[in-house]
Amino acid sequence: MQRCVGVEILLRWHNPRVGWVEPDVFIPIAETQNLIIPLTRYVISETAQKLHLFPKDSDFQIGINVAAPHFKNGRLLKDLHQHWFSCHPIQQLTVELTERDALHDVNYEVRSDLGNHQIKLAIDDFGTGNSSLSWLEKLRPDVLKIDRSFTSSVGIDSVNATVTDIIISLANRLNIITVAEGVETLEQESYLRNHGVDVLQEFYYARPMPVEAFPAWLASQEATE
Ligand code: MN
């Protein structure tokens with residue numbers, strides 16, 4: 001049986017002149033303008049204000065994407081104290097860090113700080129960056145999010161499917177939870193499930209939705225179980 005175990009918080013930008021702007025467009029711009037950290041701080045505090053929209057369950061996962069420079073000099077923890085913990089969340093926060101940046105800015109000390117605050121660390125888009133498997137063993141993230149390119153290779157590209165199998169068995173051996181990104185078909189779902197992926201994400205289950213629409217969506221899921 002399947003159930004919804006959590007959400008990932010995503011940003012959309014409504015520009016009055018051009019309408020809805022996709023994150024692929026505005027995130028790189030925000031990066032060049034040094035606006036990523038304030039933007040993430042905004043996401044953290046907005047989400048904390050809306051925790052009542054999510055199940056009051058300590059196992060319910062809320063994923064927030066955080067850029068690597070935010071981890072430096074304790075800035076992220078400071079922001080979490082100010083904007084997240086101050087709201088006394090019951091749900092489980094997972095910070096998602098893109099793999100290509102992770103090696104430079106997140107060391108073991110940052111990692112254990114997060115752990116001490118009961119925050120989970122996920123490596124986002126795993127398999128696309130400069131992954132060092134020895135580093136994975138040292139840092140021990142709680143979650144590996146397997147990049148969508150591996151999910152879309154199911155049934156199509158046997159080389160990538162083999163890499164997917166290796167990532168899954170490595171994560172299982174290190175007791176790291178696996179999340180498959182970009183699941184869109186029943187074939188992908190059954191393959192990934194049969195190969196031991198813990199959590200499946202994306203359009204096959206739900207399109208991105210405004211956070212206010214989430215309670216009704218969740219209720220409709222539970223009604224069809
Ligand atoms: Mn993510």
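Visitor: Which residues does Val-66 touch, not counting residues up to four places away in sequence?

Guide: The model is predicted, with pLDDT of at least 70 needed for local features and 80 or more for side-chain atom pairs, while totals for chains, interfaces and linings use all residues. Residues are numbered from 1 along each chain as its sequence is written, and side-chain values use heavy atoms, with hydrogens and water left out. Contact requires heavy atoms within 4.5 Å. Leaving aside residues up to four places away in sequence, Val-66 touches Thr-40, Phe-71, Leu-76, Val-95, Glu-96 and Leu-97.

Visitor: Is Val-66 buried or exposed?

Guide: Val-66 is found in the loop between strand S4 (61-65) and H3, where helices (H or I, at least four residues) and strands (E, at least two) are DSSP runs numbered from the N terminus. Relative accessible area under 20% means buried, over 50% exposed, and in between partly exposed (1.4 Å probe, protein chains only). Because its relative accessibility is 4%, Val-66 counts as buried.

Visitor: Which residues does Ala-67 touch, not counting residues up to four places away in sequence?

Guide: Ala-67 also lies in the loop between S4 and H3, and its relative accessibility of 18% counts as buried. Its C-alpha is 7.2 Å from that of Thr-98, 31 residues away in sequence. Not counting residues up to four places away in sequence, Ala-67 touches Ile-36 and Leu-97.

Visitor: What are the protein donors of the manganese ion?

Guide: Donors are N, O and S atoms within 2.8 Å of the metal (3.2 Å for Na, K and Ca); water is not among the atoms, so sites may look incomplete. The protein donors lie 2.1 to 2.3 Å from the manganese ion. They are Glu-8 (OE), Asn-65 (OD1), Glu-96 (OE) and Asp-124 (OD).

Visitor: What spacing do the donors of the manganese ion follow along the chain?

Guide: Glu-8 lies in strand S1 (residues 6-9) and Asp-124 in strand S6 (residues 120-126), so this pair ties together parts that are 116 residues apart in sequence. Along the chain, the donors follow the spacing E-x56-N-x30-E-x27-D.

Visitor: Is Asp-124 buried or exposed?

Guide: Glu-8, another donor of the manganese ion, has a relative accessible area of 21% and is partly exposed. The relative accessibility of Asp-124 is 5%, so Asp-124 counts as buried.

Visitor: How do the axes of H2 and H3 run, roughly parallel or roughly antiparallel?

Guide: The axes of helix H2 (residues 36-49) and helix H3 (residues 75-83) come within 9 Å and cross at roughly 30°. Axes are lines fitted to C-alpha atoms, for helices over the stretch in contact, and angles run from 0 to 180 degrees between N-to-C directions. Angles under 35 degrees count as roughly parallel, over 145 as roughly antiparallel, 65 to 115 as roughly perpendicular and the rest as oblique. The crossing angle therefore makes H2 and H3 roughly parallel.

Visitor: How many residues of the contact of H2 with H3 are nonpolar, polar and charged?

Guide: H2 contributes Ile-37, Arg-41, Ile-44, Ser-45 and Ala-48, and H3 contributes Arg-75, Leu-76, Asp-79, Leu-80 and His-83. Ala, Val, Leu, Ile, Met, Phe, Trp, Tyr, Cys and Pro count as nonpolar, Asp, Glu, Lys and Arg as charged, and the others, Gly among them, as polar. The residues of this contact divide into 5 nonpolar, 2 polar and 3 charged.

Visitor: What is the phi of His-88?

Guide: His-88 lies in the loop between H3 and strand S5 (92-98), and at 67% relative accessibility it counts as exposed. Although His-88 is not a glycine, it has a positive phi of about 50°.

Visitor: What is the phi of Glu-202?

Guide: Glu-202 is found in the loop between strand S9 (199-200) and helix H10 (214-224). Glu-202 is buried, with a relative accessible area of 16%. In this residue other than glycine, phi is positive, near 115°.

Visitor: What separates the C-alpha atoms of Ala-213 and Gly-155?

Guide: Ala-213 lies in the loop between S9 and H10 and counts as partly exposed at 30% relative accessibility. Ala-213 and Gly-155 are 58 residues apart along the chain, and their C-alpha atoms are separated by 34 Å.
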